[in-house]
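Biologist: I am new to this structure. Could you take me through it step by step?
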Amino acid sequence: MSTIEKVKCLIIGSGPAGFTAAIYASRANMFPVLYQGIQPGGQLTTTTDVDNFPGYAKGVNGTQMMVDLEEQAKRFGTDVRSGMITKVDFTGPVHKVWVDNKLEIHSDTIVISTGASARYLGLDSEQHYLSNGGGVSACAVCDGFFYKGQETVIVGAGDSACEEASYLANICTKVTMLVRRDEFRASKIMADRVRGIENIEILHKQN
Ligand SMILES: Cc1cc2nc3c(=O)[nH]c(=O)nc-3n(C[C@H](O)[C@H](O)[C@H](O)COP(=O)(O)OP(=O)(O)OC[C@H]3O[C@@H](n4cnc5c(N)ncnc54)[C@H](O)[C@@H]3O)c2cc1C
């Protein structure tokens, strides 16, 4: 019979959210166990400079920032482990997870911090410019600064697109939103907000 490990707090994911949770949980004597998944350190390990994180006056290399966060979490006792959570069962009073389809862990508390990933258009040119820092981005607050005083284009018309458009409109001379339907997918309040911003032009797909 396989043994079941019992823990107080289990954190799934080793990005900024996972390590932040780990720092707080370990300082609260919850003895967190953190599983890193297939991308130890999360998305920021794929970038060079992170300029918008408070406390790094000169910016910080994304990988270095995640190494720092991991060290900070370990300093307070977080048990950082390699492995992927492959199955969960949250139906009963005990939260159950399985690591790499083998080890079963029961935990009083689970923090799910498995992140998200940007959905790109899938064009070859897009991937080319993305990997060369050539003007394609999926994060206005991360990269908008580089396009200060320039014209930018946003593809999409959901809440996130409207949020990003409002942000860019403050720092760019003009923002053009490309909308593939005749109406916005965003909530009405968000759509109305971008419609009311003078330097945002909205282009709908012509049928
Ligand atoms: C190229 C690039 C540049 C960026 N630049 C900036 C920037 O300059 N400034 C900024 O603010 N933001 C930036 N971002 C966005 C930023 O990286 C994300 O907002 C942030 O990483 C989200 O943190 P997170 O902890 O929620 O998730 P993530 O960083 O996505 O981490 C998710 C974690 O969950 C783990 N995981 C997933 N599934 C499982 C599982 N089943 N079991 C165990 N673990 C699992 C993964 O291995 C990973 O460790 C950038 C993103 C990219 C891709």
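Biologist: Which residues have the most contacts inside the largest nonpolar core?
Modeller: They are Leu10, Ile11 and Ala22, in a core of 20 residues. A nonpolar core is a set of buried Ala, Val, Leu, Ile, Met, Phe, Trp, Tyr and Cys residues joined through C-beta atoms within 7 Å. Buried requires 20 or more other C-beta atoms within 10 Å of a residue's own, exposed 12 or fewer, and partly exposed lies in between, with C-beta atoms placed from the backbone. This is a predicted model, in which local features need pLDDT of at least 70, side-chain atom pairs count only at pLDDT 80 or more, and totals for chains, interfaces and linings use all residues. Residues are numbered from 1 along each chain as its sequence is written.

Biologist: What does Leu10 touch?
Modeller: Leaving out residues up to four places away in sequence, Leu10 touches Val33, Val97, Ile105, Ser107 and Ile110. Contact here means C-beta atoms, placed from the backbone, within 7 Å.

Biologist: How many residues does the other core have?
Modeller: That core, which lies apart, has 18 residues, among them Ala157, Leu168, Ala191 and Val194.

Biologist: Turning to domains, which are given?
Modeller: The assignment gives domain 1 (4-112) and domain 2 (124-204); such bounds come from an automatic or database domain assignment. Their centres, taken over C-alpha atoms, are separated by 32 Å.

Biologist: And the backbone: what phi does Phe31 have?
Modeller: Phe31 is not a glycine, yet its phi is positive, about 45°. Phe31 is partly exposed, with 14 other C-beta atoms within 10 Å.

Biologist: Is Asp100 buried or exposed?
Modeller: Asp100 is exposed, with 12 other C-beta atoms within 10 Å. Asp100 also has a positive phi, of about 50°, although it is not a glycine.

Notes
Contact = placed C-beta atoms within 7 Å.
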